[in-house]
Amino acid sequence: MSQPKNTTTQATALTNHDRKPIHTPGSIQPHGVLLALSTQLEILQVSNNTQEHLGKEPKDLFGKPLSYLLEAQQIETVKQCLVKKIGSPNAFKVSISTLHRQQNFDAIAHRTEEAVILELEPTDSKSEVSFLDFHALANEAIAKMQRTSNLIEFLHVVAQEVQKIIGFDRVMVYKFDQSGAGSVISEVKREDLSPYLGLHYPATDIPAQARELYTRCFLRFLPDLTTEPVELVPRENPTTHQPLDLSYSLLRSFDWCCAEYHQNMGVKALLVISLIQEQKLWGLISCHHLTPKYISYEVLKMCEFLGQIVSSELAHKISYSEWNYKVKLKSLQADFLESISQADNFIDALIKPEIRLLDLVSASGAAVCLDNEITLVGATPNIHEVRALIEWADIQVNDNLFSTDSLPKLYREALIFKDTASGLLLLRISKVRRYYILWFRPEVIQTVNWAGNPNESIQTQADGSLSLSPRKSFEQWQETVRLTSLPWETCEFESAIALSNAIVGIVLSKADELAKINLELERSNRELASFAYAASHDLKEPLRGIYNFSTVLLEDYAQVLDDDGIECLQTVVSLSVRMETLINALLRLSQLGQAQLREQATDLNELVTQVIEVFRASRQDSGLVDIRIPRPLPTVQCDRVLVNEVFSNLLGNAFKYNDKPEQWVEIGYFSQEEEQGAGSKGEFSPLPPAPRPCASFPCPIPNPQSPIFYIRDNGIGIPQHHLESIFRLFKRLHSQEKYGGGAGAGLAIVKKIVELHNGQIWIESTVGVGSIFYFTLE
């Protein structure tokens, strides 16, 4: 979403607030105490409120060893920070004698580059609280997340569950756009509060420096925005003579701008949880309360834990959606380039049928320019307007790929044809000759609802300089955004570049055009496989955090949990394992896309015997397993390891999805010459009358010499309307609880392996009777 017209340019001049070192404020919030320690755990700095909380003046603490306040076991816990990564906390309970009483504290220790920071927050509890209530909520939240496929529904569940845990008046999910501006896309609130759902906020509301800090620190808690900060004494670290880095400090103070901004909204307490995708700040869970509200450290860590779960699930949903779109573009691209490489007239190949050129980047119109010859496709400006646009691009555009979602703002003549070309993606194929492809998108008029007039935040001082000041009103303020199309996506740029590389080979170098196109196709396939691998690999990092965090809770807090609490944590661990299973399946599929076949003469009798032995060894009820092989299997050229995986998967499914008291599976093959008489042969018994391409497999088998292998069972069968979809990745026909669960990736992997062998796979099935899978290996 674009910034309002004045804010974008003015915000570039606002440097003072963005350059203010918010991670080194030199002060903390007053509800706790901070001690900065040397690596030898001597006290170097303290917050100027130690008398209030500890009964000791700051001057009485300087230079003292930590043993002056804590016991030996607690000191050992602090020492552990020295070998952990920066910002990674150790938390424990301490009890310190003050002038009047014994005071309990939540102690949180972490290290920076130069010091160890110990924060003490007063608490009424001597021991960690039970996690039962939270994990009951977390378990329910995770279950709801798994049931929601729509992103907005998913985020609404997130807001609801966070509000249940902390009891704040308003919980919102806030998403950033590419400019740093954001919008509220989900909200749960008190009924009497005005809604913020759908409102937009300029990038200056959360400056770049604050966004960067949210990326490193996943949680920010301000229990009382009306309090005054407490200074550190001395102001700078006496060893480094630099301000103390409080990036990871829970008690880090807030500046007046933050306090005034939120108080203008009527907010007195604030909790913010970061949502991270691909190590970037995707959004925030922003929680507001109209009165000061304190939350225990345990509950804060629960919120951080839930934020990690949400980030992981969020990344999965978004990445999978983007991956599907990219797969679609890559598939279209591959077909498109193949047809171009085989065409005598590549212009005709580009524009006939016209929808292919448009779908390649999801455009509504296109123009192909070869010197003075211009061909228009779809909804475009007229030929004279396109010619003038290309002349402008010759002068103004230096890059081979150029895009804008607001062409009339750059090229005023485009106002005339904004209805067809407010968005432009321009591909320069040659710098020597005027070879272009231009794609167009129409204007999409949008009404943007801002939370107050964002321009009111920008104030002009007497000297003409600009400054940022919290605005007073957050009443809905509407802006109509015109002359703008839908934005172009990164994968669409990649698709255009891939097309360019292919066309260069065809137009400028006829001699090696086929070689260049094949090279481009290979690069495109590698990109697709790399994308799946990278997306899956990146998902593992937050997932490991969830699993490890849950395991730490089980190991370190098990003694304070009852059986229900432990069971809830074990459920989180189990769900993490299941999510890792899905990711591993995606990784396996991406690895197959890059696999090189190691073909050798393989006796399938030996291979299938090994598969059966492994299968029987893994089943406790192996005595009930009836596996029939009517006649010896042939020897074929194949990758032994991959074909082993095919038989293992199909055999396992045959018994897994079988509810008969007497279960059996038959493994066999046909030579295609035997098709006609197969039903009458006595030595083997496939499904009648013979294997053949059926409704779920409309194309003929290309090599008549290839044997047709089959695996037949007497299982539950598959409804006819599912036969075309069962080979899709993560496609499951039953709930996770039925038939032993699973990731729903096995048949997708089998199909990929068969296709790597230039073979085909299809199925015939009758519900309640059984199924038969057919496949060939060329």
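**Entry 1: strand 7 and its partners**

I began with strand 7 and strand 13 (residues 280-289), which pair in the antiparallel sense over six bridges. I was working on a predicted model. I picked Tyr174 and looked for its bridge partner in strand 13, which is Leu284.

Next I looked at strand 8 (residues 182-189). Strand 7 pairs with strand 8 too, in the antiparallel sense, over seven bridges. Here I found Arg170 opposite Lys189 of strand 8. I then checked the hairpin that strand 7 and strand 8 make. There are five residues between the strands, and Gly180 has a positive phi near 100 degrees.

Is strand 7 enclosed or open? Six of the seven residues of strand 7 (residues 170-176) are buried, so the rest of the structure largely encloses this strand.

**Entry 2: salt bridges**

I turned to charged side chains. Opposite charges can pair when the charged atoms come close. How many salt bridges are there? The count is 18.

I looked up Arg190 and Asp169 next. Their side chains meet in a salt bridge, at 3.5 Å from N to O. Arg190 sits in the loop between strand 8 and strand 9 (200-201), and Asp169 in the loop between helix 6 (151-166) and strand 7, so this pair ties together parts 21 residues apart in sequence. I also checked the cover of each partner. Arg190 is partly exposed, at 33% relative accessible area. Asp169 is buried, at 9%, because buried means under 20%.

Then I took Lys59 and Asp60. They form a salt bridge, and their closest N and O atoms are 3.5 Å apart. Lys59 is exposed, with a relative accessible area of 61%. Asp60 is partly exposed, at 31%.

Asp419 counts as exposed at 54% relative accessibility, and Lys418 as partly exposed at 26%.

Which residues are linked in a network of salt bridges? I found Lys93, Asp106 and Glu298.

**Entry 3: a negative patch**

Asp562, Asp563, Asp564 and Glu567 form a negative surface patch. I followed up on Glu567. It lies in helix 17 (residues 563-593). At 48% relative accessibility, Glu567 is partly exposed.

Terms used:
Residues are numbered from 1 along each chain as its sequence is written. This is a predicted model: local features need pLDDT of at least 70, side-chain atom pairs count only at pLDDT 80 or more; totals for chains, interfaces and linings use all residues. Side-chain values use heavy atoms; hydrogens and water are left out. Patches are made of residues with over 30% relative accessible area and no salt bridge: like charges are joined within 9 Å, nonpolar side chains (Val, Leu, Ile, Met, Phe, Trp, Tyr) within 5 Å. Accessible areas come from the Shrake-Rupley method with a 1.4 Å probe; for residues, only the protein chains shown count as cover. A salt bridge is a side-chain nitrogen of Lys or Arg within 4 Å of a carboxyl oxygen of Asp or Glu. Lys and Arg count as positive and Asp and Glu as negative; His and the chain ends are not counted. The place of a charge is taken as NZ of Lys, CZ of Arg, CG of Asp or CD of Glu. Helices (H or I, at least four residues) and strands (E, at least two) are DSSP runs, numbered from the N terminus. Buried means under 20% relative accessible area, exposed over 50%, partly exposed in between (1.4 Å probe, protein chains only). Two strands pair if DSSP finds at least two bridges between them.
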